[in-house]
Amino acid sequence: MSLRAAFSARESTGEILFESESMLDRPRLYWQCRRGMLELDILLQGFLDAKFDVLTTVEQHAFIELLDYPDAILLEYMLGRMIPTDQRIANVVTQIRTPVAS
Amino acid sequence: MTIPVRKFDTLVIGAGGGGLRAALQLAQAEANVAVVSKVFPTRSHTVAAQGGMNAALANVSPDNWHWHMYDTVKGGDFLGDQDAIEYMCRAAPRLVVELEHIGVPFSRLDNGKIYQRPFGGQSQNFGGEQAARTCAAADRTGHAILHALYQQNIRAKTHFFDEYFAIDLIRDNDGCILGALVLEIETGEPLIIQAKTTLIATGGAGQLFRTNTNARINTGDGMAMALRAGIPLQDMEFFQFHPTGIAGKGMLISEAVRGEGGYLVNGDGERFMERYAPNARDLASRDVVSRAVATEIHEGRGCGPNKDYILLKVDHLGADVIRKRLPGIRDMVMTFLHIDPINQPIPIFPTAHYTMGGIPTNRFGQVVVPQQQGAEDIVPGLYAVGECACVSVHGANRLGGNSLLDIVVFGRAAGNHIIEYLKENRYGRTVVAQHSIDTALAHLARWDQRSQGVSNETVDGLRNELKAVMDHYCGVFRTEDVLRTGLDKVLKIEQRLQNVYLKDHSKIFNTARIEAFELENLVDLALATVASALARKESRGAHMRMDYPQRDDVKWLKHSLFFKGGQLDYKPVRMKPLTVEGFSPKPRVY
């Protein structure tokens with residue numbers, strides 16, 4: 001079952017899954033951020049480490065949905081050459097592209 | 001402990017283009033095929049290949065397979081095996097058409113034929129005018145090929161084991177390979193996949209280096225697995241570097257930037273390429289520019305507080321030119337460095353790109369090992385294709401557009417050979433040697449048996465150190481002293497690996513455990529690479545020895561073979577093609 005399907009299934013039962021449960025899935029999310037391109041590895045894993053925990057539940061869900069996109073499309077999003085039509089996904093892409101304050 | 005066993009005709013380890021092309025050939029012949037991949041198959045590194053695939057279709061310029069063969073032999077600095085190169089170049093046009101028929105949308109010319117673009121190293125008439133030989137699906141050729149192959153495999157009912165990590169090969173008492181012990185990442189449970197034939201297609205090992213272009217999955221797992229099984233690795237000293245990777249990160253900044261007038265400066269603000277290549281300057285070939293950049297940094301003329309990078313200047317081109325002609329590069333720099341090349345120069349460093357070496361095979365994909373007096377034996381039941389293999393079509397240096405070609409040609413060839421093998425070995429060998437399973441299980445258990453000691457070594461820490469050592473001591477700038485120091489450092493890292501322990505011994509999605517296995521693999525491959533580079537006292541293709549700057553065909557026109565344990569052996573290059581005259585070594589001048 002894909003991450004998205006797993007989350008949807010649990011959502012449909014009315015189960016509250018974020019906060020502690022998302023942490024349980026953290027290693028799985030980390031592995032989903034391993035992609036076929038270095039560019040995506042750096043951006044997605046970096047975002048997961050630095051920002052995922054402070055996202056709202058809606059944003060966390062959008063990030064998980066984003067991980068189901070094919071690598072070539074993800075790269076276009078990440079380099080700002082394409083913008084997702086789904087506003088929730090577009091918002092999370094904007095956050096991934098925003099540098100972390102050092 | 002009883003380990004579950006699944007049985008197949010063929011086990012394919014790795015789901016990039018090479019593995020999937022072979023699996024498709026087999027599944028279409030109604031073989032029962034399992035593909036094991038540590039990530040979801042369409043996230044394999046084939047997806048990153050943007051350039052295209054070479055084939056002498058002659059759609060744009062006059063062309064034929066023999067010219068393609070010449071360019072490949074010359075590009076590889078005459079170290080490639082010419083029987084395999086002839087086979088690949090002759091098969092190329094048919095395989096492009098085959099790919100199109102399974103759904104790869106190659107870009108078209110106005111007359112409806114497949115578009116072909118010119119790439120470096122392509123010539124007409126054996127070194128004459130530029131040829132245009134590279135077929136591309138826009139700038140997503142690898143993505144298009146990988147997705148088409150995956151979908152066709154699903155249709156052909158190939159069985160996928162997604163997110164399984166291969167630990168070790170297993171064999172019978174006669175040495176015939178009968179599959180592998182694998183680990184399901186989600187559950188942490190081991191599984192034996194027993195198969196009459198096994199194909200390794202796990203890709204390259206760019207993660208050996210701190211600065212590299214490869215996805216983080218490229219840890220050379222299949223090569224290291226072969227090494228542990230007693231198979232030598234061939235020509236590991238030949239690692240292709242691209243001169244302009246983003247410093248500290250590795251992503252490629254294309255040659256197009258220098259083509260448009262960008263130039264390199266050192267820490268003194270000097271345009272140093274004028275000293276290394278007075279005519280071509282910043283547009284000299286990749287190996288020349290890489291060597292110049294490495295030399296400037298090595299001699300203390302790098303930029304930045306640590307003098308560890310060079311600057312690529314483009315701001316003088318003006319905002320309009322950069323926006324119009326280099327938009328993709330600007331996107332990349334702004335995304336990853338958060339600077340705008342319109343205003344600021346780009347920090348660059350040579351970046352490791354492609355593993356020419358690997359598991360030695362013949363042109364059918366069969367893994368071969370040396371016998372006495374230069375003869376070779378096949379390893380029964382074992383095949384390898386793609387970047388993890390060394391067939392060797394790329395010799396000492398791969399030409400652009402030949403890697404996608406390599407994986408589809410030899411993926412298909414291995415598939416065909418396996419089909420014949422399965423016909424002749426219908427019932428197969430069925431008894432896996434217990435000692436083989438025990439050895440694999442002991443390897444699997446090793447990380448969990450280690451308890452916390454006094455050491456503070458971590459997987460992340462040691463991996464970062466290994467990659468930095470490889471950058472410094474086995475990168476572009478190679479001399480006896482540099483390589484010897486590198487070998488000492490890698491050997492010490494190998495010892496320290498014994499002191500690394502895992503904090504988390506849980507089974508469910510324990511990615512730290514997988515990364516520990518990957519680190520073990522990288523350490524083995526680092527030793528193979530440094531030791532082979534130290535031994536080869538000449539400069540050939542991507543292997544540049546500052547202390548031996550010339551190619552030496554008398555002593556070194558031969559393949560290196562590195563065995564686990566450190567022994568080196570050599571075997572002759574196959575200079576005789578299948579049907580035509582061989583190309584004899586001559587100076588490689590462009």
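Let me begin with the residue classes: Ala, Val, Leu, Ile, Met, Phe, Trp, Tyr, Cys and Pro count as nonpolar, Asp, Glu, Lys and Arg as charged, and the others, Gly among them, as polar. What we have here is a predicted model, in which local features need pLDDT of at least 70 and side-chain atom pairs count only at pLDDT 80 or more, while totals for chains, interfaces and linings use all residues. Residues are numbered from 1 along each chain as its sequence is written, chains are lettered from A in the order in which they are written, and side-chain values use heavy atoms, with hydrogens and water left out.

On to the cavities, by which I mean sets of points, on a 1 Å grid over the protein atoms alone, where a 1.4 Å probe fits but cannot get out, with lining residues having an atom within 4 Å of a point. Grid points are joined across faces, edges and corners, and a volume is the space filled by probe spheres set on the points.

There are 3 cavities of 30 Å³ or more, and the largest, at about 50 Å³, has among its lining residues B:Asp81, B:Arg363, B:Glu376 and B:Lys571. Its lining comprises 6 charged, 3 nonpolar and 2 polar residues.

How much space lies in the second largest cavity? The second largest cavity holds about 40 Å³, and its lining, which includes B:Gly365, B:Ala384, B:Asp406 and B:Phe410, divides into 5 nonpolar, 4 polar and 1 charged residues.

Technical notes
1 Å grid on protein atoms, 1.4 Å probe; cavity = no way out; pocket = protein on both sides within 12 Å on 5 of 7 lines; lining within 4 Å.
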